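Here is a walk through one protein chain. Keep the structure in view as you read.

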Amino acid sequence: FILLGFSDHPQLQKVLFVIILILYLLTIFGNTTIILVSHLESKLHTPMYFFLSHLSFLDLCFTSSVIPQLLVNLWDPMKNITYGGCMVQLYVSLALGSTECVLLAVMSYDRYVAICRPLHYTVLMHPRLCMALASLSWLSGVVTTLIQSTLTLQLPFCGHYQVDHFICEVPVLIKLACADTTFNEAELFVASIIFLIVPISFILVSYGYIAQTVLRIKSSSGRKKAFGTCSSHLMVVMIFYGTIIFMYLQPAKSKSKDQGKFVSLFYTVVTPMLNPVIYTLRNKEVKWALKKVIGKILGL
């Protein structure tokens with residue numbers, strides 16, 4: 001295949017190369033730091049940081065499945081990707097993206113129990129349940145990519161090899177097919193409902209209960225503390241789901257090709273870089289643990 005990417009804007013390609021390379025390096029550094037700090041600092045061995053480590057690992061893998069090929073295509077005028085490379089990118093990126101949708105919903109349940117059932121938190125969110133919920137997130141991503149990606153790659157492309165995007169995604173590959181794609185489009189719509197609408201509905205319900213509980217707290221310091229434990233996750237949810245829903249559930253005729261590409265660029269490049277920044281800057285525990293780990297490394 002030929003990933004056309006941003007070839008319509010040749011003057012932007014070198015600028016995008018530099019910007020995306022910097023963001024990718026920041027993504028690797030930030031998410032690796034979150035994983036290491038959560039592992040090394042015993043005070044962060046809690047369900048919240050267990051799920052956060054999984055989120056950071058997901059972001060590392062997701063960006064690494066997309067950005068290196070994107071950087072090559074921005075620099076190389078040929079913009080080629082082998083059929084095998086496109087297939088791997090399709091399976092891996094879809095699995096990781098779907099897993100993140102479910103994992104963010106799981107993290108909202110963790111916040112719900114922490115705020116609404118604080119006395120039962122350690123009993124309800126025991127390690128076996130946390131492991132089971134994380135495994136469910138990963139398993140759901142694997143199952144959906146095995147179904148969606150396999151159905152997509154079985155379509156006949158009839159020599160249509162120019163992909164008007166910078167990534168091998170299900171919607172853009174369906175457009176290349178020279179056969180009836182009604183079933184594939186219906187399956188994509190159902191998958192979008194399952195992995196976007198259902199998790200975001202679950203998150204909204206969880207935060208509805210959280211809001212009721214927070215408003216019943218009499219002290220302003222207590223309300224501020226309760227809001228602080230949820231604000232980072234809520235911000236990540238709004239950024240991630242906002243861009244994904246805009247991309248997958250907006251009618252295709254209502255957005256331009258370039259608009260779709262830049263929205264995809266945001267959730268594949270910018271969002272994974274923002275997640276560790278949001279959790280670090282808005283979380284005193286992470287900042288304290290980071291200073292402690294750095295102090296140990298430097299021998300202070």
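A residue counts as buried when its relative accessible area is under 20%, as exposed when that area is over 50%, and as partly exposed in between. The model shown here is predicted. With those cut-offs in hand, turn to the cysteines.

Cys-168 has a relative accessible area of 0%, so it is buried. Its partner is Cys-86: the two form a disulfide, with their sulfur atoms 2.0 Å apart. The pair ties together distant parts of the chain, 82 residues apart. Cys-86 sits in helix α3, which covers residues 83–116. Cys-168 sits in the loop between β2 (162–163) and α6 (170–176). Cys-86 is buried too, because its relative accessible area is 1%. The angle about the S-S bond is -125 degrees, and the link is left-handed.

How many disulfides are there by the distance rule? The count comes to 2. The other one joins Cys-158 and Cys-178, whose sulfur atoms are 1.7 Å apart. This pair also links distant parts of the chain, 20 residues apart. Cys-158 lies in the loop between α5 (127–153) and β2. Cys-178 lies in the loop between α6 and α7 (182–216). Here the angle about the S-S bond is 55 degrees, and the link is right-handed. Cys-158 has 55% relative accessibility, so it counts as exposed. Cys-178 has 34%, so it counts as partly exposed.

Now put the two links in order. Count the bonded cysteines along the chain, and the disulfides follow the pattern 1-3, 2-4.

A disulfide needs the two sulfur atoms within 2.5 Å. Cys-61 has a relative accessible area of 26%, so it is partly exposed.

Val-18, Ile-22 and Leu-26 make a nonpolar patch of about 260 Å². Of these, Leu-26 lies in helix α1, which covers residues 10–40. Leu-26 counts as partly exposed because its relative accessibility is 44%.

Finish at Thr-122. This residue is found in helix α4, residues 121–124. Is Thr-122 buried or exposed? Its relative accessibility is 63%, so it counts as exposed. Thr-122 and Pro-47 are 75 residues apart along the chain, yet their C-alpha atoms are separated by 9.0 Å.

Definitions and conventions. Residues are numbered from 1 along each chain as its sequence is written. This is a predicted model: local features need pLDDT of at least 70, side-chain atom pairs count only at pLDDT 80 or more; totals for chains, interfaces and linings use all residues. Side-chain values use heavy atoms; hydrogens and water are left out. Helices (H or I, at least four residues) and strands (E, at least two) are DSSP runs, numbered from the N terminus. Buried means under 20% relative accessible area, exposed over 50%, partly exposed in between (1.4 Å probe, protein chains only). Patches are made of residues with over 30% relative accessible area and no salt bridge: like charges are joined within 9 Å, nonpolar side chains (Val, Leu, Ile, Met, Phe, Trp, Tyr) within 5 Å. Accessible areas come from the Shrake-Rupley method with a 1.4 Å probe; for residues, only the protein chains shown count as cover. A salt bridge is a side-chain nitrogen of Lys or Arg within 4 Å of a carboxyl oxygen of Asp or Glu.
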